[in-house]
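Here is a short briefing to read alongside the model. Take a look at the structure first, and then we can walk through a few of its features together.

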Amino acid sequence: MNKKMITVIIDGSADRGQEALEGMTPYEAANTPVMDSLFRRSMAAGTVVSIPEGLEIGSAVANLNFLGFDPYQYQGRAAVEAAGAGIKTNPDNLYIRTNFCTFEGEDYAHAKIKSYSAYDVATEKARPLNEMLQRELFSKYGMTLHYAGSFRNILEVPGGKKLYPVELAPAHDIIGQPISQYIYDDEKSKVFFELQEKCYELLKDSGCEVNGVWFWGASIPPVITGDTKGRKAFAETVLMQGITAIAGLELYSCPEEYRLPRLLTDKLEKALEAINGDYDNIYVHIQECDDLAHEREPIRKKVALELIDMMIGNLVNGIEGDFNMLLASDHYTYSDTGAHGGSPTPFFIYDSANEVEREGAFTEQNCIDTGLVLTMPELHAMRK
């Protein structure tokens, strides 16, 4: 019988010291006895290069890597999310992630992004705005603005493959900064910034949190291949839905409207059912910490880690038989700026049949201090 393999990815949980936490990271400030105990008994602990040099710093590349797929197959975020939203993609078209945002400032030229998600605007408010923009603007350009739930839209540009790649800054990386710094004058990008300004004029008096859009993640459809036999993933984001759909990896998609702790309870129940049943390899992705860091909420991120720690304790206690668990942050997300960081990210591998002894708690610095820095192929090889 194969040893049970569990991967737990706490998206964007790695961080740096935060003033609101008296200079500590959320991991250092949080009470996480389960993760700390597993770290002290882990067969390996350190950092791993989840974002190869030159690739986009974000969850798509990192999770492809942790899943054991080739991150160089990635061609940008929007087409992956289109697949996750059930949109039939065309290899000749360009897809652009389009966030409903909340801007602040006297006008578009002097605006800053206050919330990259329009404070997670409700679908009942957002969908009519999507329909209005499609009717009043995008249809006149022969484009389609697909709605993907809450603040998410995906713009489909027929025949747009010839424009790829297009440089567009991620909305969550530029919160509080003048958007004028990220409006580029090159020919490929220019038309999209003009459309973005037209959206602002149509949305500025919407009467809700949404007063504009931000384009980013321009992409063409990728090909993602790899071993999926006996495996199942558990996630709630459109991005993870897209990666697994393209790869043919079975997914239990938790309802995205679930928040902690309900989401963790649902995920725990379904993950245990799988690993104690027909699957010997499960991949559990937890999004919340990344969202809170983007919203620059380090205290809430700390609390989320404490809830996640309890869920991991219940998961470990519920697994029948020996198992190998990899726990990691997929990348850094800084709670002071909301931006991603691509430094080697902290991890540990706990093997129930191969416990060792080490000191300390599971924190970024303690993982760095082990001196172990792995490539992703080395990490995967270590678990076999």
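A cavity here is a set of points on a 1 Å grid over the protein atoms alone where a 1.4 Å probe fits but cannot get out, and its volume is the space filled by probe spheres set on the points, which are joined across faces, edges and corners. This is a predicted model, in which local features need pLDDT of at least 70, side-chain atom pairs count only at pLDDT 80 or more, and totals for chains, interfaces and linings use all residues. Residues are numbered from 1 along each chain as its sequence is written, and side-chain values use heavy atoms, with hydrogens and water left out.

**The cavity**
- The count is 1 cavity of 30 Å³ or more.
- The largest cavity holds about 50 Å³ of space.
- Its lining (residues with an atom within 4 Å of a point) consists of E56, I57, G58, R77, P170, H172, D173, W216 and H340.
- This lining has 3 nonpolar, 3 polar and 3 charged residues, with Gly counted as polar.

**Two packed helices**
- Helix α2 (residues 33-40) packs against helix α10 (residues 298-318) at an angle of about 60 degrees, their axes 7 Å apart; helices are DSSP runs (H or I) of at least four residues, and axes are lines fitted to C-alpha atoms over the stretch in contact, with angles running from 0 to 180 degrees between N-to-C directions.
- The pair is therefore oblique, a class left over once under 35 degrees (roughly parallel), over 145 (roughly antiparallel) and 65 to 115 (roughly perpendicular) are set aside.
- In the contact (heavy atoms within 4.5 Å), α2 supplies P33, V34, M35 and L38, while α10 supplies L305, D309, I312, G313 and V316.

**D369**
- D369 sits in helix α11 (residues 364-369).
- D369 is exposed, at 52% relative accessible area, where exposed means over 50% with a 1.4 Å probe and protein chains only.

Terms used:
1 Å grid on protein atoms, 1.4 Å probe; cavity = no way out; pocket = protein on both sides within 12 Å on 5 of 7 lines; lining within 4 Å. Buried < 20%, exposed > 50% of the residue type's maximum accessible area, 1.4 Å probe, protein only.
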